Amino acid sequence: MQQQVDYSQAVASKYPEQIVIGIARDPHGKHNPITLGWTMIVSHEPPMMAVSIGKTRYSLETFRHAREFVIAFPSEHQQGEAMLFGTKSGRDMDKLAAAGCSLVPACKIDAVLLADAVANFECKLVAELETGDHVVFAGEVVCSHLNDKPLNRLYTVGKGYKMEGVR
Ligand SMILES: Cc1cc2nc3c(=O)[nH]c(=O)nc-3n(C[C@H](O)[C@H](O)[C@H](O)COP(=O)(O)O)c2cc1C
């Protein structure tokens with residue numbers, strides 16, 4: 001039996017929710033990471049992925065400026081980075097430098113990969129769609145990378161950004 005409840009109560013049943021890190025270059029050449037839960041694969045052929053970015057985020061400017069971006073799947077060992085990238089703004093700081101995480105240059109776009117992530121996908125922007133207070137960016141995956149070590153991905157498992165590794 002289904003009970004009618006508030007949207008916020010029903011949508012809280014979505015956890016665990018996968019986390020990705022989107023990275024795009026800003027107009028000053030700084031690569032800015034943002035932690036994102038709202039993401040999906042949107043095409044198999046060609047491979048495409050999408051993320052939903054709030055209109056108040058600095059990343060809205062960086063994704064629009066760069067027109068290309070990396071989507072990284074963080075591992076369970078990257079909770080600290082995911083929290084930093086998801087609670088601080090690139091308007092105020094260089095988040096990648098502050099995190100001190102290892103970076104690798106991307107192969108086919110002007111961006112950086114997270115060396116310790118489970119996987120990284122280089123994407124070229126194909127379309128954007130305004131959706132209420134967010135904007136969905138869809139990109140074609142032009143190059144993919146997988147860590148040679150077996151790693152668990154990072155998920156949020158409840159409100160308040162509580163994170164855990166889930167295989
Ligand atoms: C686990 C987690 C998931 C998040 N998911 C999203 C998301 O899907 N879309 C979004 O716009 N912000 C999301 N955020 C919030 C942004 O990461 C946060 O506002 C960030 O500081 C924005 O950085 P920026 O100003 O450098 O773009 C999430 C944060 C966390 C910790």
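Select Lys30 to begin: this residue sits in the loop between β2 (20-25) and β3 (31-36). Helices and strands are DSSP runs, numbered from the N terminus, with at least four residues (H or I) for a helix and at least two (E) for a strand. The model is predicted: local features need pLDDT of at least 70, side-chain atom pairs count only at pLDDT 80 or more, and totals for chains, interfaces and linings use all residues. Residue numbers run from 1 along each chain as its sequence is written.

Remain at Lys30. Lys30 counts as partly exposed because it has 15 C-beta neighbours inside 10 Å. By definition, a residue is buried with 20 or more other C-beta atoms within 10 Å of its own, exposed with 12 or fewer, and partly exposed in between, the C-beta atoms being placed from the backbone. Apart from neighbours within four places in sequence, Lys30 is in contact (C-beta atoms, placed from the backbone, within 7 Å) with Gly90 and Asp94.

Leaving aside neighbours within four places in sequence, its contacts are Val20, Ile21, Ile23, Leu113, Leu114, Ala117 and Asn120.

Turn now to the ligand. Which residues come nearest to the ligand? They are Trp38, Tyr58, Ser59, Gly86 and Ser89, out of 22 residues around it; a residue is near a molecule if its C-beta atom, placed from the backbone, lies within 6 Å of it. β3 gives the most to this shell, with four residues.

- Select Tyr15 and Pro16, which are joined by a cis peptide bond with omega of about 5°. Pro16 lies in the loop between α1 (7-11) and β1 (17-18).
- Select Glu45 and Pro46, where a cis peptide bond has omega of about 0°. Pro46 is placed in the loop between β4 (39-43) and β5 (48-54).
- Select Arg67, a residue other than glycine with a positive phi, near 60°. Arg67 belongs to the loop between α2 (58-66) and β6 (68-73).

Definitions and conventions:
Contact = placed C-beta atoms within 7 Å.
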